[in-house]
Amino acid sequence: MEVCVGSTNPTKLKGVKNAFSMFYNNVNIKGYNVQTGIPPQPIGLEQIIEGARRRAISSLAIGERCDFGVGVEAGFIPIEDKFFDVQIAFVIDRNGIGFYGFSPMFMVPKTFVEKILAGEYRELEEVVDSYFHTKNIGEKGGFISILSKGRIRREDLVFYAVTMALIPFINQNIYS
Ligand SMILES: O=c1[nH]c(=O)c2ncn([C@@H]3O[C@H](COP(=O)(O)OP(=O)(O)OP(=O)(O)O)[C@@H](O)[C@H]3O)c2[nH]1
């Protein structure tokens, strides 16, 4: 099975592979660099789902012999006066049928959000790398690996988001 992903971020590709491999055999993952027109740090549900959808559709269009296209977009959801980080996956098949799935969310420290809203940094990775002296944390375990003291990695969040998006595909009798 060929699964085309609208990202070359290794942590996303690993999470997608782990999710598909639970339900399908011989899963081959291919990552593609795609343009979405969505800001580097999406804020609000609409931007995040749109980013995920565009990534999935573009990967299906660019990729060769894809059985599925997958887009994973991360962003902030404002709730009361806090911001929560979520990963949203969109999985689309060759017939154009697609579904969303959501990861667990974690609260982003207020000062980190403020630096992005003020335009001091473009996206979460830049703030985290600067504060913790990491490099490309978004591709290596993610901010969540620091916050959870190494217990949870970003690929785990991607895994759950993609698995949730696959639920309607693997239960077609009750979702059709
Ligand atoms: O949900 C998350 N969980 C984490 O633990 C985490 N650690 C860092 N980030 C950052 O969140 C921003 C948006 O992510 P994003 O998906 O829009 O872009 P990305 O640069 O990671 O991937 P891509 O654009 O190459 O596909 C990027 O700055 C990521 O680095 C995380 N996001």
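**Helix α3 and its surroundings**

Author: In helix α3, which spans residues 110–117, Phe112, Val113 and Ile116 are buried. A residue is called buried if 20 or more other C-beta atoms lie within 10 Å of its own, exposed if 12 or fewer, and partly exposed in between, with C-beta atoms placed from the backbone. Seen down the axis of α3, the buried residues fall within an arc of 95°, so they line one face of the helix. That arc is the one spanned by the directions from the helix axis to the C-beta atoms.

Reader: Is this an experimental model or a predicted one, and how are residues numbered?

Author: The model is predicted: local features need pLDDT of at least 70, side-chain atom pairs count only at pLDDT 80 or more, and totals for chains, interfaces and linings use all residues. Residues are numbered from 1 along each chain as its sequence is written.

Reader: Which residues of α3 are exposed on the other side?

Author: Lys110, Thr111 and Glu114 are exposed there.

Reader: And what do the buried residues of α3 pack against?

Author: They pack against β3, β4 and α4. Contact here requires that the C-beta atoms of two residues, placed from the backbone, lie within 7 Å. Helices (H or I, at least four residues) and strands (E, at least two) are DSSP runs, numbered from the N terminus.

Reader: What follows α3?

Author: Gly119 follows α3, and its phi is positive, near 85°.

Reader: Which residues other than glycine have a positive phi?

Author: Arg65 and Glu80 are among them. Arg65 has a positive phi of about 55° and is found in the loop between α2 (45–62) and β3. Glu80 has a phi near 50° and sits in the loop between β3 and β4.

Reader: Are those two buried or exposed?

Author: Arg65 is exposed, because 9 other C-beta atoms lie within 10 Å of its own. Glu80 counts as exposed too, because it has 5 C-beta neighbours inside 10 Å.

Reader: Let us turn to the ligand. How many residues surround it?

Author: The ligand is surrounded by 19 residues, and the closest are Ser7, Ala74, Glu125, Gly138 and Gly142.

Reader: What does UniProt list for "binding site"?

Author: The unreviewed UniProt entry lists Ser7, Thr8, Asn9, Pro10, Thr11 and Lys12. UniProt positions are given in the numbering used here, feature names are shortened, and annotations may be inferred rather than shown by experiment.

Reader: Where are Pro10 and Lys12 found?

Author: Pro10 is found in helix α1, residues 10–23, and Lys12 is in helix α1 as well. Pro10 counts as partly exposed because it has 14 C-beta neighbours inside 10 Å. Lys12 is buried, because 31 other C-beta atoms lie within 10 Å.

Reader: What does Lys12 touch?

Author: Leaving aside residues up to four places away in sequence, Lys12 touches Val5, Ser7, Val72 and Val158.

Reader: And Glu2, where does that lie?

Author: Glu2 lies in strand β1, residues 2–5. With residues up to four places away in sequence not counted, Glu2 touches Asn28, Lys30, Arg65, Cys66 and Asp67.

Reader: Finally, the chain as a whole. How many helices and strands are there?

Author: The protein chain has seven helices and six strands. Along the sequence, they follow the pattern β-α-β-α-β-β-β-β-α-α-α-α-α. Of its 176 residues, 40% count as buried.

Reader: How does the radius of gyration stand against that of a compact globule?

Author: The two agree, because a compact globule of 176 residues would have a radius of gyration near 16 Å and the protein chain has 16 Å. The radius is taken over C-alpha atoms, and the globule rule is 2.2 Å times the number of residues to the power 0.38.

Definitions and conventions
Near = placed C-beta within 6 Å.
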